[in-house]
Each structure stands twice: as C-alpha cells, then as structure tokens.
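Subject: Structure handover

Hi,

Here is the structure for you to look through. My notes follow below it.

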Amino acid sequence: MQKRQTAENVQTSLRGIANRAGRDQKHRFGHLYTMLNEEMLESCYWELNRKSSVGVDGESWREYGKDLKQRIADLVQRLKAGQYRARMVRRSYIPKGNGKKRPLGIPVTEDKLLQLAAAKILEAIHEGMFRNSSWGYRPKRDARTASRVLGGWLYAGRYNWVVEADIRGYFEHIDHDWLIRMLELRVNDRAFLRLIRKWLKAGVLEADGKILHPATGTPQGGVISPILANVYLHYVLDLWFERVVWKKVRGQAVLMRYADDFITAFEKEEEAEAFLGWLKERLKKFGLELAEEKTRKIRFSKEMKQNGAFEFLGFEYRWHISRKGKAHVRRRTAPTRLRKAVAAFSMWIKENRHLGTGALLWQLRPKLMGYWNYYGVRGNFASLNKFWCEVRRRLFKWLNRRSQRHSYNWEGFQQLLNALQVPGPRITEAL
C-alpha cells in the first residue's frame, strides 16, 4: 500500500511538471535537484529491471534492496552534501548480426535508479515539445506502430524519393557541451545539470580491464541515455527539418525518426539530393557524421517505375499491387532481419537441445509469440510462414539428433507441436 502511494505521489509531481511544460514551452524549470528525494528514488527502484546485468560493483538489484531505505537515505544525503560520485560504467558488447558488435554501458544499481529518476523528470519536461516525427523511446510509440504510420504517410503523400540515412556511431559521438546547452533551454538548475555531466564523464570499464574517459557520447544502454539522445536529435534534426528544410523545399517532404534511425521522403528528386548535402553539414556542426555506406537515395513512387525498396524498423517497404489492382505500400519482414532471426533461432536450439522436449518447446512458445506479435502485420504472412518453415525444419533436425535413431517422423513432430500448442504464424495487427 505504501509503495503504491509513493508511486502515485511521484506521478502527481511529474504530471505537474508536464502540465507546466505544455502550457509554457519556454519555461525553464528550477528546483529539480530537490526532487531526487527518498520518495522518488524508492519508487524508481521498484521500476528497474530486476534481471538486468550488474555493474562494476557486481551488486544485483535484489542485493541492493536488502537494506533499501537505508541505502536510499544515504544516497540522498550524499546528493545534498555534494558528495555523490558517479561510478564507472561496465561496457559489454552484443552482436549486431552483421559481424559487428554494439557496445552497451551498464551502470551500477545505485546509478541506475538515480538516472531513472532524472530521466523521468527530463521526459516530463520535454515530452510535450517532441515532434510527431519522433517515435523512439517515447511512451505509447512502439516500433511496429511507427512502421504502420510510416507506410500510411508514404501512401497518402506525393512522395517519389526516399532518403535512407544512418548516423555513424551516434551514441558515442554526442557532444557533451552541445547537449548541456540544449538541456539548459528548459532546465534552470545547475546542480541537476552537474549531475548529468557526471554521468556523461563517468569512466568506462572495458572487458579487457582498460578504463576509458569519454570526451563525447552517452553509454548506449544507460538508463538516462534514451531521453538525452532524443533531446539531442530533437534540436539537431527534428526542429531543423520542420523549421528549415520545409521552408527550402517546394514539394512535399516528411521525416520519421525512431531513436537514431530515420527516413525522409521527398516529392522532387533534386530536393532529396540537396537534402543529403544539407544533412551532412547539419550533423557536422554537432559532432556527428553520416555513414556514407548506409546512406542512399531511392526511387519510391506510386507510379512504380524503376522503384526500389528500403528497410526501416525491421521491415522492408515497397510499392505493391494488391489482388484488387490497387497500389499500396507493403511491409514485409526485411530479408536481412529474417536471416538474422533464423540464425539466432538455430543458435538457441543448438544451445538448449539438452533440455527435455517438453521444456524446450515450452520455452519456444513465448519466443515465437514475440516474433508474431511484432512481424504479424497485414500483407506479411508469406514472410511469417517462411520463418516458421525454417524454425520447424531446424527444430525437427535437432530433436532427431539426440540419439542414433530418429525420435520423430514429420507427422509425429507436427502432432507434438499441436499437442503442446506451439503457436504457428499469425497476423496480430488489428484492422
């Protein structure tokens, strides 16, 4: 009961900030540092991922919470006395599927809950001013909905050219000084901004024991990184596109951004070409650069003459003629993502084939439902079925490798899947 009351009090305070921010888009908020109190931090502790990886101190969420009230009281006292120090961030790497690895920063639990509190405050201040073109890391704006909205925009507008662009190492190259200047437009609290600087300057412990002291960037995977990344690109890209690019072009133009991934579409080819030059200069001003090998201009017209296709948010987009003879923008699983998903499943089944058949298939069920829930969009059943065929083929092979004799024939294998209610492909997108 007390935990629920604490959460409600925190939400009331954040709504008050959001309401004020919405009424006055130029208001600068002070006294934010004092909001980092016992009530706020205890509420944030219960929202942390309980199974997340541990930081450099090796302390888990559960271990930190054994004496929670005393630990948080001590943290608040250090904040008030100016004695809080950000701990080093442990860096790990996860495969991206193209042979490269994505770096992830993992703070200690204490820093996670403090960063979550600060992120909530920043979100309350900035959410109301973020543009409709911005989708990633925002409430009620998931990737699959963004993919559907983008398809609708492309279908309804007079767009003939799409610019597919990629920012090279975005999270590692955010300029700290520019970021603080952007935050200062809405935040008038030096102590709160100093706290953010401490996280930006915190040392990074690499897997080989080497310690880095970053001059730019925010640790991708850090709790506060998503909101900071959104604020940065709000000013660098979203507002610039709305206030500058739209005024330069004569035809239609649209932008959709999901975190650091974005797509732009233009009516006129020369304006799409010009945008690439403008974009390069704009990013350079803020310490960013385009990944030239991932940036291109694509013909994408309703006339479907020499059209191309592009990938965004795991989907491939292309113009398509329906059975009724009508043109529409079709989304299907991006071929690269389909191959990665099949490879990831093959690895998973290989690593877990020691489990009993029932346990193995029970763990498979939520994995498949997660896949259908994301990629189960209208018009994509063929891709779903292709993935399902590959899953069954590999599962059948590995189950029959457990002994010298085959455990199942194909008919018996199908009966097993049905008996254990392993979900097959399905369209999960509502009309």
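Helices (H or I, at least four residues) and strands (E, at least two) are DSSP runs, numbered from the N terminus. This is a predicted model: local features need pLDDT of at least 70, side-chain atom pairs count only at pLDDT 80 or more, and totals for chains, interfaces and linings use all residues. Residues are numbered from 1 along each chain as its sequence is written, and side-chain values use heavy atoms, with hydrogens and water left out.

Salt bridges come next. The count is 24, taking a side-chain nitrogen of Lys or Arg within 4 Å of a carboxyl oxygen of Asp or Glu.

Start with aspartate 74 and arginine 78. Their closest N and O atoms are 3.0 Å apart. The two sit 4 residues apart in helix H4 (residues 68-81), so about one helical turn separates them. Asp74, Arg78 and Glu110 are linked in a network of salt bridges.

Now take arginine 257 and aspartate 238. Their salt bridge has its closest N and O atoms 2.8 Å apart. Arginine 257 is in strand E6 (residues 253-258) and aspartate 238 in helix H9 (residues 225-248), 19 residues apart. Arginine 257 is buried, at 0% relative accessible area. Aspartate 238 is buried too, at 2%. Buried means under 20% relative accessible area, exposed over 50%, partly exposed in between (1.4 Å probe, protein chains only).

Helix H2 (residues 38-45) is largely enclosed by the rest of the structure, because 6 of its 8 residues are buried. Among them is Cys44, with a relative accessible area of 0%. Cysteine 389 is partly exposed, at 33%.

Best wishes
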